[in-house]
Amino acid sequence: MDQPTSAFYDRYAKDVAAQYEAAESAVSKYFPLAFAPGSRVLDVGAGSGRDMAVLARQGYEAYGVEPSAAMREAAVQTHPELSERLLPAELPAIGEPFGGGFDGLLCSAVLMHVPDAELFDAAFALRKLLKPFGRLLISLPLARDDLVNGDRDKDGRLFQNYTPEAMQLLLERLGFQQIGRWHSEDSLGRGGVTWYTLLFELRVGGGARAVDQIEGILNRDKKEATYKLALFRALAEMAVKEPRCARWLADGWVSVPVRRIAEKWLAYYWPIFASERFVPQSRSEGAGSTKQLKFRAAMIDLMQPYRQAGLHGGLSAWQQDLASHRLRAEQAKSLEACLKTIEAAIREGPVRHSGLSSDAGSLFSYDGKQRLVMMRASLWQELSLLGHWVTDAVILRWASLTESFSQRQQISAGDALPLLLALPEPKRATLLARQVFEQGGASECVWSLKPLRDKWAVDHVIPFSLWGNNDLWNLMPVDGKVNGSKSDKLPTAELLRSREPLIVEHWRLLREALPEPFDAQASQLLGRPLKGPLHWEQELFSRMREAVELTAMQRGVERWEPVASV
């Protein structure tokens, strides 16, 4: 719990407890729907003990944890029967109170006090407390009109604005399935405050979800160019690798910056346009028409200086210059013009027309003032949960569509596939990071803590084979043998936690030497510019850990720790 919030409850525990006890519990009516009779239920953030006492009266084996000593004391004074069943603990470092293994968890009016950087850890901790198919009942504010300083009330308490859709996505990415949702007025009678309650079940190994809307676009929508496939590929990759780029809006909508989509498109089409053979990307291009993709000419101009700089038209050299902010003024001007042309193609093509052949109508809309692509939260949730599968499906269908456009050119799907899978080589990025580590005096292997000798390497924390990510925050100095042992595995959660100080130390070296590229790349993971609040390191580390854990869960990647013999 946030410190000022915790201090408030310690200071005013008696008054707060009396206020809660005088009001009827708004969530107790859902207990019979949420939890099986007689099951073992933990009240996380038990407060005055009111809900915990109701659970006990309804026949549940009720336990509770509460971080505030003063609130625990007030709870036991009012409900003496709880004295042996209430322990001090708080999210996210809740541990396993009473041995864990609960059939149900109640988390009412608690998670809004958890800072955003700790929310994933809090949800992950709740998951670990439940048995398979256990139930989680949470309650959070839907609206508040008493916040005076952004996300705090007049008493300094933190009230993070977690929307129902954002909470649903977070928990479903961790294996929960939402099975209930309710809205209610404030039990304390405050007119400007309303609440929502969500019920989840932990579906370990549960079945796949319907993705009918996405399938409809990929399979049945009319396609005169590869634009729709490029749009879904970009959105799927962003949902998985850059989830913080999304903004959760009112009425169940999500927005993402059109500029970031355009940057993705530039990377996708670069190897295609660099091919020695002309590879059509529209029906008109395949038919030999002079009408080409709207941005092909702009991209060809941008690519020209890199034509002889390596594989795929100098893709790796281009990406390294771009990432390192080494573009000359005329190149930067060409890039901006090219991205604007791509943005126009995005909003006038797939954003406007995707889904028009279905009964649901267009899937997207566009906010021209803020340059945002808008979609329903349900679509973003599907992309977040199944992004890896969507990306693979899109690439295969893109190759197939290219073949259908290219009959005159005799280009097959097999010819197109290597171009669609082309990635910048990691060698250039790791050499740059290595120079920084050498000049900065890096001396320890991040994973084994061994001294770095002559044969040391630069490791991708999230393996390049999984993410294709050369960002500086993802690169760490390691012993050569240790690097070979880790290979394409992901570090364990325990190893990452124990190495946080050393990882942060190397981030500072990288940021000091390469401030612009480091900040730009870290900002994509954070979903905000890397400036304020203080201690950006903690937030970035939290996001990196989140990326590692979700990648491990979604893709079944083996976890790894160094052994003494390595």
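User: Leaving aside neighbours within four places in sequence, which residues is H506 in contact with?

Analyst: This is a predicted model, in which local features need pLDDT of at least 70, side-chain atom pairs count only at pLDDT 80 or more, and totals for chains, interfaces and linings use all residues. Residues are numbered from 1 along each chain as its sequence is written, and side-chain values use heavy atoms, with hydrogens and water left out. Contact means heavy atoms within 4.5 Å. With neighbours within four places set aside, H506 is in contact with F437, A442, E444, V446, M476 and P477. H506 is found in helix α22 (residues 500–513); helices (H or I, at least four residues) and strands (E, at least two) are DSSP runs, numbered from the N terminus.

User: Why is H506 called buried?

Analyst: Buried means under 20% relative accessible area, exposed means over 50%, and partly exposed is in between (1.4 Å probe, protein chains only). H506 has a relative accessible area of 2%, so H506 is buried.

User: What makes G95 partly exposed?

Analyst: G95 has a relative accessible area of 48%, so G95 counts as partly exposed. The place of G95 is in the loop between β3 (86–87) and β4 (102–108). The C-alpha atoms of G95 and L432 are separated by 41 Å, and these residues are 337 apart along the chain.

User: How many aromatic pairs does a search of the whole structure find?

Analyst: The search finds 26 aromatic pairs. Rings of Phe, Tyr and Trp (its six-membered ring) pair if their centres lie within 6.5 Å; planes under 30 degrees apart count as stacked, over 60 as edge-to-face and the rest as tilted. One of the pairs is Y227 and W265, with 5.4 Å centre to centre and 35 degrees between the planes, which is tilted.

User: Why does the pair of Y227 and W265 tie together parts that are apart in sequence?

Analyst: Y227 lies in helix α9 (residues 227–241) and W265 in helix α10 (residues 258–274), so the pair ties together parts that are 38 residues apart in sequence. Both Y227 and W265 are buried.

User: What makes the pair of W447 and W560 edge-to-face?

Analyst: The planes of W447 and W560 are 80 degrees apart, with 6.4 Å centre to centre; the cut-off for edge-to-face is over 60 degrees. W447 is in the loop between α18 (426–440) and β12 (456–460), and W560 is in strand β15 (residues 559–560), 113 residues apart. W447 has 0% relative accessibility, so W447 counts as buried. W560, at 5%, also counts as buried.

User: How do you know that the charged end of R85 sits over the ring of Y63?

Analyst: A charge sits over a ring if NZ of Lys or CZ of Arg is within 6 Å of the ring centre and within 35 degrees of the ring normal. The charged end of R85 sits over the ring of Y63, 4.6 Å from its centre. R144 lies over the face of F159, at 3.9 Å from the ring centre.

User: Why are α16 and α17 called oblique to each other?

Analyst: Angles under 35 degrees count as roughly parallel, over 145 as roughly antiparallel, 65 to 115 as roughly perpendicular and the rest as oblique. α16 and helix α17 (residues 413–420) pack at an angle of about 135 degrees, with their axes 8 Å apart. The two helices α16 and α17 are therefore oblique to each other. Axes are lines fitted to C-alpha atoms, for helices over the stretch in contact, and angles run from 0 to 180 degrees between N-to-C directions.
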